[in-house]
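Hello,

As promised, I am handing over the structure we talked about. Please have a look at it first, and then read on for what I found.

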Amino acid sequence: MAARVGIPSSLFYYVHFPMWQTFFSELGVEVVTSGQTTKGLLDQGVREALADACVPIKLFFGHVISLKDSADYLFIPRIVCLNRKTIYCPKFLGLPDMIRHGLTGMPPIIDVQMDSRQGFASLWKSYLKIGRIFGLGKGRIFMAYLKAYMVARRFQSLMRSGLHPPEAMAVLSGKENIADPVDYNGDLTFAVLGYPYEVHDQFISVGLVKKLKKMGIRVITIENLSPRKISRANILDKNMFWTFSDLALNAAYYLFKEGGVDGIIHLTAFGCGPDSMVDKFMEISSRDYPEIPFMSVTIDEHTGDAGISTRLEAFVDMVKRRKEVKNNSCPR
Ligand code: SF4
């Protein structure tokens with residue numbers, strides 16, 4: 001029977017799952033995931049994780065626990081750096097240790113380190129180590145890595161074409177397009193900025209993207225933007241240290257400067273250290289661009305649907321009114 005590797009549907013899932021799934025499948029290893037977030041998963045994570053952890057980490061604990069009996073291994077790599085520039089938030093760096101020491105009776109963890117600053121072939125070497133765990137030869141592992149890399153490229157290009165990660169994953173797996181039926185009337189475009197594991201997790205984001213789409217608004221997220229353009233938009237003297245934070249902040253700088261959106265919403269997690277800076281920087285920058293309204297929405301494990309919906313509706317109404325006034329005052 002093929003070994004089963006459990007990949008929690010949380011955190012890096014929204015960035016790397018298609019690549020990881022392809023890699024393991026090509027090695028003949030079965031992949032099991034923890035599925036969509038539910039209240040039960042979150043509650044379990046909240047009970048087991050450190051009380052002062054951010055909500056995405058608590059949720060990750062819940063996803064890991066749900067894989068306890070269905071996987072032979074848990075895949076929780078220690079991803080330090082993938083772009084030779086910025087590193088991931090310290091919580092990511094300590095993820096395998098937090099799970100190993102915070103939960104008992106879990107399957108063994110595959111926790112290879114991935115750090116592209118260690119040299120040209122460092123990522124390949126990490127994947128080689130993973131393949132060796134299953135007793136496979138270098139040639140087979142290399143072919144699996146190559147195929148996985150190609151899938152990752154296709155995933156990126158689908159997202160650049162406008163799909164959000166869950167939609168792009170559905171396309172890759174040959175499922176029907178699960179894109180929400182968009183009632184997009186072409187009037188308003190919003191950017192929802194934030195970490196992929198918040199923005200695209202229907203449960204902890206309280207379906208924020210879906211709600212906007214239902215209101216007829218076109219929604220773009222960081223994944224739809226070119227990383228090169230985003231990175232050039234940085235106005236600080238140096239990069240933010242943390243990869244996801246750097247992307248989110250530079251995406252805001254890019255959109256404020258280039259326009260093309262009628263409003264920007266920053267989705268931020270309560271208890272997130274980096275966000276306390278990112279959100280403030282965004283807010284300060286937004287003052288220079290009053291024509292693009294900015295709103296920040298904080299989520300935590302107690303976030304309720306009604307509160308978010310009310311804020312969103314008020315924000316959308318305000319943006320619509322401003323646009324109408326602007327259109328009516330423009331000479332034809
Ligand atoms: S960046 Fe923030 S939300 Fe993400 S894991 Fe780190 S502390 Fe948590």
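Which unit do strand 1, helix 1 and strand 2 make? Together, strand 1, helix 1 (residues 13-26) and strand 2 form a right-handed β-α-β unit. Before you go further, please keep in mind that this is a predicted model.

**The sheet**

Let me stay with strand 1 for a moment. Strand 1 (residues 4-7) and strand 2 (residues 30-33) run parallel and are joined by four bridges. Within that pair, Ile7 sits opposite Thr33 of strand 2. Strand 1 also pairs with strand 3 (residues 73-75), again in the parallel sense, over two bridges. Here you can pick out the partners one by one: Val5 has Tyr73 of strand 3 as its bridge partner, and Gly6 has Leu74 of strand 3. In general, the strands of a sheet pair through backbone hydrogen bonds, in either a parallel or an antiparallel way.

These pairings belong to an open sheet of four strands, in the order 2-1-3-5, with parallel pairing. Strand 2 and strand 5 (109-110) are its edge strands, each pairing on one side only.

**The two domains**

Now to the chain as a whole. The protein chain is divided into domain 1 (4-160) and domain 2 (180-329). Their C-alpha centres lie 27 Å apart. The contact between them takes 24 residues from domain 1 and 26 residues from domain 2. On the side of domain 1 that touches domain 2, helix 1, helix 2 (39-48), helix 3 and helix 7 (138-160) each supply at least two residues. Helix 3 gives the most to that side, with four residues. By type, the residues on that side of domain 1 divide into 14 nonpolar, six polar and four charged.

**The ligand**

This is the part I expect you will want to open in your viewer. The surrounding residues are Cys54, Pro56, Ile57, Cys89, Lys91, Tyr195, Phe244, Ala269, Cys272, Gly273, Pro274 and Asp275. If you sort this shell by type, you get nine nonpolar residues, one polar and two charged. Helix 3 (55-66) and helix 13 (273-286) each supply at least two residues of the shell, and the largest share, three residues, comes from helix 13.

**A closer look at Cys54**

One of the residues around the ligand is Cys54, which is placed in the loop between helix 2 and helix 3. Is Cys54 buried or exposed? Cys54 has 24 other C-beta atoms within 10 Å, and the cut-off for a buried residue is 20 or more, so Cys54 counts as buried. Leaving aside neighbours within four places in sequence, Cys54 is in contact with Lys91, Ala269, Gly271 and Cys272. Cys54 and Phe270 are 216 residues apart along the chain, yet their C-alpha atoms are separated by 6.1 Å.

Best wishes

Definitions and conventions. Residues are numbered from 1 along each chain as its sequence is written. This is a predicted model: local features need pLDDT of at least 70, side-chain atom pairs count only at pLDDT 80 or more; totals for chains, interfaces and linings use all residues. A residue is near a molecule or strand if its C-beta atom, placed from the backbone, lies within 6 Å of it. Ala, Val, Leu, Ile, Met, Phe, Trp, Tyr, Cys and Pro count as nonpolar, Asp, Glu, Lys and Arg as charged, and the others, Gly among them, as polar. Two strands pair if DSSP finds at least two bridges between them. A crossover is right-handed if, with the strands pointing away from the viewer, the path from the first strand over the helix to the second runs clockwise. Domain bounds come from an automatic or database domain assignment. Two residues are in contact if their C-beta atoms, placed from the backbone, lie within 7 Å. A residue is buried if 20 or more other C-beta atoms lie within 10 Å of its own, exposed if 12 or fewer, and partly exposed in between; C-beta atoms are placed from the backbone.
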